[in-house]
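Here is a short briefing to read alongside the sequence and the model.

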Amino acid sequence: MCSVVPTDNLPSAQPNREQCFIDLKQYFVGLYKRYDKRIKVTSNILAVLLLSLLLTKLFASDCIIDDDNSAVIEGVKVRCNPYIPLDRVVVDIDLNTTLHCYSSKSCVTLAESLHTLQGKFRYNFIIGAFGFVYVEHGFKCQSEEWGDALYIRLPVDSIYNGQDFMATQRATSKFSEILREGLECGKILHNYTVTATGCGKFNDWCTQALQNIVTGDAPDRGITEHQTDYFDDTQEASLFNPFNIKRVYNYKYKLIVCKQNIG
């Protein structure tokens, strides 16, 4: 290695300095050779981690700001068992007094809570007050609870005269709309039946109330308001993204189940 050059011997200082640089260069070259594989492995690992981070940012999440400025994050993609036309409609009457679907954010929160409690994605549609609808499986995928039936969650106020007339009327209107669009597009067979669950010993009464809505024998709840836009549920899907605020629409929207209904 290079040595310290005495100041009283100036003629020999330049050669010793050049030798010092040569020795340092050889030292670093030797160091690189000894750790060459480790450096390459570390660099590859860092590159993979950076690429994974970029892909996650681009595709794994979809952050959308709701009306109340709160962020709702898209959930995990879930495998979809394709929906087939059915002749059964099962309606789960919502007796819950703490969680409701009355806004975009609250509908997503309710869907998350139900999934946490039940451990599965049970519903095709969750209908809330004021005509809010959370499209869980929709008409694209089968319910994980009732694979042989269209499974809908409906607030209990919808089948009797609740305290809020507007909330009740809009929820009932959305229930009728889903059935009508399903029939027109062949998603629900014309010989279908409607049954209720969730009412306990009053299931028979709840079922009769639902059938009155279907047949038009329910008390007049007012005229359906003009719908200004569409919620398009016609896209084919092998996966679906739960807990996304884009899956919620309200009374201003008309559900589109098949292309011929657009217009």
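Which residue forms a salt bridge with glutamate 145? Its partner is lysine 120, with the closest N and O atoms 3.5 Å apart; a salt bridge here is a side-chain nitrogen of Lys or Arg within 4 Å of a carboxyl oxygen of Asp or Glu.

Please keep in mind that this is a predicted model, where local features need pLDDT of at least 70, side-chain atom pairs count only at pLDDT 80 or more, and totals for chains, interfaces and linings use all residues. Residues are numbered from 1 along each chain as its sequence is written, and side-chain values use heavy atoms, leaving out hydrogens and water.

**Overall picture**
- The protein chain has five helices and 12 strands (DSSP runs numbered from the N terminus: H or I of at least four residues for helices, E of at least two for strands).
- Of the 263 residues in the protein chain, 38% are buried (buried is under 20% relative accessible area, exposed over 50%, partly exposed in between, with a 1.4 Å probe and protein chains only).
- Among contacts between residues at least 6 apart in sequence, 72% join residues at least 24 apart (a contact means heavy atoms within 4.5 Å).

**Aromatic rings**
- The structure holds six aromatic pairs (rings of Phe, Tyr and Trp, the last by its six-membered ring, with centres within 6.5 Å; planes under 30 degrees apart are stacked, over 60 edge-to-face, the rest tilted).
- Tyrosine 83 and phenylalanine 139 pair edge-to-face, at 5.5 Å centre to centre and 85 degrees between the planes.
- Tyrosine 83 lies in the loop between β3 and β4 and phenylalanine 139 in the loop between β6 and β7, so their pair ties together parts 56 residues apart in sequence.
- Phenylalanine 139 counts as buried because its relative accessibility is 3%.
- Phenylalanine 125 also forms an edge-to-face pair with phenylalanine 139, at 5.2 Å and 65 degrees.
- Tyr83, Phe125 and Phe139 form one aromatic cluster.

**Charged side chains**
- A search of the whole structure finds eight salt bridges.
- Aspartate 148 and arginine 88 meet in one of them, at 3.1 Å from N to O.
- Aspartate 92 forms a salt bridge with arginine 153, with the closest N and O atoms 3.1 Å apart; the former is in strand β4 and the latter in strand β7.
- Aspartate 92 and arginine 153 are both buried.
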